[in-house]
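Biologist: I am new to this structure and would like to go through it step by step. Could we take it in questions and answers?

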Amino acid sequence: MPNPTLTRRTRSRWPRLALLGLMIAAGLWPAARAAAYHRAWDGLDPFHRPMPATNSYGSGDADNDGALTTTDLDLVYAMADGHLPASFRADVNADGRVDGADADLLAGALDGGRLPGDWNRLTGRAERLDWLRRILAVDPLNEFCYDPDWFVCTHFSTQLHIRAAGYGEDLGFGFFDGGQPLYNLPVYMVTSYGIGHVSNAVLVGDDPRQIGDWAFIEPITDEITPLGDHHLMTEIRIQIPTRIMVDRIERQNLIIFTHYETGWEAYVNESAIQLDRPPAPPPVAHGWDIRQPHLLTRAGGDLLAVRLGDEPAGPADIHSLGLGPPAPAAGRPFLDAPAARRLLDTGETDDGAWLLWAGLAGCTPGLFLTGPLHDASAKDDSTRVTDSKRPGLLDGRLVILPDDTLWVFWAEYYWRDYLRPTGIYGRHWDGLTWSEEMFLSTGDALTGISDRWRHLLDACVDPTGRLHLFWATMDGIRHRTWADDGWSNAATVPDTANASPAVVADAAGDLHLLVWDRAGIGPGPTPGRIWHRRRVAEEWQAPAEVSDGPTAGYPALAADGKGGVYTVWLESVDGRWAPCWRRWQDGTWQPPHWLEIPPGTTVADPDTAVLDTGVPAFTWLEVSDEACAVRPLLWYDLNEDGVMDAGDLATLSDQLTGAESPPAGSAVTRPLTVLDLLRLRLALAE
């Protein structure tokens, strides 16, 4: 979708613009609230918006603080004058640009009127149809090519539902360039029988039992289609998706309309949909939705995450949040790519950061690499890793070798077996050209696709420059090694059936493999355990359990320069996940550290890294019905007594004043600074 075009106004707002500029320059601009973690919309209420947010097209909430104020009007004036980038929220008449007409409509709303897109307050069928037509005019789905091998009607319908009403699970794949609710409209899916077709519908009248009160949408063309059209003739099912997966969409029937000689008759699932218009729910403020955190280690560390639900040209982009203090709520854009939906992995060289992400350009989904990125000014230096159409990308890894060449690996699953088998693929980049694409899993059937789309593979490079690739199969975790003479044959790690890998090489060159036993038929007797396997002198040592509870999963690994290894994973406690981490040193695991999270929340997406200061860092996504935030923890155990306390604060203070040298044998490549002292003080204050 193109960004709203900027047009100029004749009336200036220079005093207000000057104030806005001073606020931004002084860092006084209000921080965005954390977004609610969108659960899948249940479809119960067909009358009102699925999400309580104002972060949607044409809401008028230009500053995204959850309320309409004069500040929003000032921002719309600034956008209309060309002094600020246009926002999709500010395009209140949905004509694709922000100008004086939008400002006039917003001013009227502040005086007690309502905006064209204030769906919950619209009172008639004509108003709702008008806004729906405007949204379909700016929606880009009709611009995507129809490909019967992939872009079938179900995918168009699913994508329009996602863009309008949202879907709260981690899809692990994407249709077109969407994934985040942008329109905030109660759009349902529709299955029509006769020719067999899937489309969409919105209730624009007041009685869901009357077929004439529904507006039916053809998502391939973004048009409202009348009853009696090619598919709206015999049986029409109004449905809500209950689960969206790689190979199928599960849907629940809410209303079934059947056409008889006497007319249409409705069969209603009365427990699953409201039939009478309830009072409009009050607005609830929230802003950005940030997910998929990844840690960087250079220059004292950084924290990247995917920020969803911003501008229409980039419904998901990758931002640098920093490790604080304080970490801004939204950070700065690190990669501003229209299709950057999923950040799969990161890497670093002396030149900057590299990002591996899955997205789409034109009508061709695939895998992309961006880098090296030094700051937010370098946003367009991306290259396509996969040449052909690849909609079934599940997981990916980026490994940078000592000579700064790199390997990219990815897992694929195609539900049409005649197109491409399930497998692990890889390509090598020598700095100038890509190698030929390699099919590395030799026909092994991957495992874990129906669970989390991540943790299908992992890779690392050891101190000698050898590359190690691991992937999950039904029969066990498979391992191949790459060196100058090419790839070794695949070997199975013993006792790892139906398990997922996480791997790192320590400073001595030994491999540390975490085996996430998800099926209960690996090395552990109970499903959902994590086991440590160490490979020394080409031999795998006996497994040792790392997890500390009955159910664990989603491990991440990092190694320091002193032979130590850190892991962070999730434990299920009373039905919700909580983060834990441990350190391995000198052949043993130290006791686990349980990280406290606020009541009523759970966690996801843990990651760990050892910064170039030698300080281990951990991050995770903290999720509740009201908030979604990335939390980092830097572990300044400088005296290595197993706790982080006032003694470490004194140690760091002495180091900074020159009273004490860094501990002997430390592998710090960049000295600690006053910023680290501030981080430690804030951590202890919490």
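Modeller: Let us begin with a cysteine: cysteine 580 has a relative accessible area of 0%, so it counts as buried (under 20% relative accessible area; exposed is over 50% and partly exposed in between, with a 1.4 Å probe and protein chains only). Please keep in mind that this is a predicted model, in which local features need pLDDT of at least 70 and side-chain atom pairs count only at pLDDT 80 or more, while totals for chains, interfaces and linings use all residues. Residues are numbered from 1 along each chain as its sequence is written, and side-chain values use heavy atoms, with hydrogens and water left out.

Biologist: Is cysteine 153 buried or exposed, and how many disulfides does a search of the whole structure find?

Modeller: Cysteine 153 has a relative accessible area of 14%, and therefore it is buried. A disulfide would require a pair of cysteine sulfur atoms within 2.5 Å. When the whole structure is searched on that basis, the number of disulfides found is zero.

Biologist: How many helices and strands does the protein chain have, and what percentage of its residues is buried?

Modeller: Helices (H or I, at least four residues) and strands (E, at least two) are taken as DSSP runs and numbered from the N terminus. On that basis the protein chain has seven helices and 39 strands. Of its 686 residues, the buried share is 58%.

Biologist: In what order do the strands of the seven-stranded open sheet run, and why is one side of β6 and of β9 left without a neighbour?

Modeller: Two strands count as paired if DSSP finds at least two bridges between them, and in this open sheet the pairing is antiparallel, in the order β6-β5-β4-β3-β7-β8-β9. Because β6 (223-225) and β9 (263-268) stand at the edges, each has a single partner strand.

Biologist: Which strands does helix α5 touch, and what angle does its direction make with that of β4?

Modeller: Helix α5 (residues 153-165) packs on the sheet and touches β3 (188-193), β4, β5, β7 and β8, where contact means heavy atoms within 4.5 Å. Axes are lines fitted to C-alpha atoms, for helices over the stretch in contact, and angles run from 0 to 180 degrees between N-to-C directions. Taken this way, the angle between α5 and β4 is about 25°.

Biologist: Where is alanine 411 placed, and how far in space is it from aspartate 395?

Modeller: Alanine 411 belongs to strand β19, which is residues 406-412 and is joined to β20 (residues 423-429) by seven bridges. With a relative accessibility of 0%, alanine 411 counts as buried, and its contacts beyond four places in sequence include Leu394, Asp395 and Ile424. Although aspartate 395 is 16 residues away in sequence, the C-alpha to C-alpha distance is 5.2 Å.

Biologist: Which side chain does aspartate 99 join in a polar contact?

Modeller: Aspartate 99 lies in the loop between β2 (97-98) and α3 (100-110), and it is buried because its relative accessible area is 10%. A polar contact is a pair of N or O atoms within 3.5 Å; within protein, one must be able to donate a hydrogen and the other to accept it, and residues adjacent in sequence count only if both atoms are side-chain atoms. Here the contact spans 3.0 Å, and the partner is arginine 97.
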